[in-house]
Amino acid sequence: MRSSDVNRLGRGELQPRQQHPVPITGETKTTIAMTEHHSSAHQNLRKARGNEHVKHREHLPGISHPGSTGVIYCTERATALGYSDKDSEWANFGQGAPETPTLPGGFEKPTTITVSNSSREYGPTAGIKELREAVANLYNEQYRQGKESKYNWENVCIVPGGRAGLIRIAAMLGETLVSYFIPDYTAYSDMLSQFKSFSPFPIPLSEEDKYHVNEDLIRDELKRGVSVILTSNPRNPTGQVLRGEELKRVQEMCRGKCTLLFDEFYSGYNYTSDADGKTISSAEYVEDVDEDSVVIIDGLTKSFRLPGWRICWVIGPKEFIKGMGSTGSFLDGGASHPLQEAAIPLLKVESVRKEMKVLQEHFIKKRDYVLDRLSKMNLSVAYPPEATFYIWLDLSHLTSPELSNGLSFFEECLKEKVIVVPGIFFDLNPSKRRELFDSPCHHFVRLSFGPGMEVLRKGLDGIERVLRKFGEI
């Protein structure tokens, strides 16, 4: 991969694309007429983002506080009201993690690990060679059959979690224009705001276009002279996915022009192929693994349902991966050595295929249960998720101001011991300048159907009580 693919920036020549205002329909006038100054829910968020930073700086001169991601903010608010992950009365629809027990028919989750003598030592910051080889082999078997160019261990970097991988990637970017699409993963906002060497540029996706990253959008970004495009695929929080021939065409359009950074953590949660175990990855359409500027991040966190292990990987051209090892030496020091060794047997191709089939069958049932319950509450979902374990729920049709925006709905749900994530956190507004009510994500919440069925029932019962309280059903 050429260094210019990552560091190219049209200095002073880049013009912002014309933005189209979000239409204000009759259904949303009640919400839009309010401002954040009239809402305690919105003032709570502003206080968390602003006043605490000032207080922090007063006590520690020269130190700035980065704030908290959306999910952390939601958990902190819930904790203040008595939430504990050990309290069975609460239903957490906010945490971006799936249920972790072994699924019927799936592979057994390890309950013990063997700690070898060698794993008591520090491991390489790019990961141990054996695990890197196992990841490369898995991708070659799944996505590179019949292709001349194959991944090998030098195309893989092992990182201690998805955020650590994203931070390493961000540290690799030079004076670069980075485009990203909203709504998207909440942690991107903090990553994009902390590194000052590159310029982040948000691209709102159209609700009418099902929040789809399409070829026309990519073409516009290439015309702008963008150097890097960052996106989750499958997408968090909308559950939509770029796949097949369209994904192939997007990669062809960008080849030799810009770097594509694909967050593929939900690649296993594919509901578009009848639960046959097929997963989705841009690796399938890479032409040359060392020349194509395609960087993939994934790991054991979501599809393998082992979030506590913090074993993830970044796949890309050897030149890029070599740099990832260097950034890890001063950023995070590398992933746990014993857990890297324990992860190797989990990546056997046949067992992975079996696990993904079981995973898809199980989560489709949960998705359909949640959608059915929501529909009966007059909370229909216009675009059901094609992947992930999230539902992007539009509240704008609700008549009560306390429920028709995500932050206020979130606060009302807390009173019934249910945690959801307000859509505004997926706006990815690093400067925090925008009026909260002006966000295109303001009238949404994200619900996770990652937890087990018992939690889903309990949480949906709580949401139903909220709606009845305000006369919405």
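Entry one, cysteines. The model is a predicted one. I looked up Cys312 and found that Cys312 is buried, because its relative accessible area of 0% falls under the 20% cut-off. I then looked up Cys413, which is likewise buried, with a relative accessible area of 0%. I also searched for disulfides, taken as pairs of cysteine sulfur atoms within 2.5 Å. The count came to zero.

I traced an open sheet of seven strands with mixed pairing, and I noted the order as 2-8-7-6-5-3-4. Which strands stand at the edges? They are strand 2 (156-159) and strand 4 (199-204). Each has a single partner strand, so one side of each is left without a neighbour in the sheet. I recorded an average twist of 20° from one strand to the next.

I examined strand 5 (residues 228-232) and strand 6 (residues 259-263), which pair in the parallel sense over five bridges. Within this pair, I found Ile229 opposite Leu260 of strand 6.

Entry four, helices on the sheet. I noted that helix 6 (residues 129-143) packs on the sheet and touches strand 2, strand 7 (294-299) and strand 8 (312-315). The direction of helix 6 makes about 120° with that of strand 2. I then turned to helix 10 (residues 244-254), which packs on the sheet with contacts to strand 5, strand 6 and strand 7. For helix 10, I recorded an angle of about 145° between its direction and that of strand 6.

How values were computed. Residues are numbered from 1 along each chain as its sequence is written. This is a predicted model: local features need pLDDT of at least 70, side-chain atom pairs count only at pLDDT 80 or more; totals for chains, interfaces and linings use all residues. Side-chain values use heavy atoms; hydrogens and water are left out. Buried means under 20% relative accessible area, exposed over 50%, partly exposed in between (1.4 Å probe, protein chains only). Two strands pair if DSSP finds at least two bridges between them. Helices (H or I, at least four residues) and strands (E, at least two) are DSSP runs, numbered from the N terminus. Axes are lines fitted to C-alpha atoms, for helices over the stretch in contact, and angles run from 0 to 180 degrees between N-to-C directions. Contact means heavy atoms within 4.5 Å.
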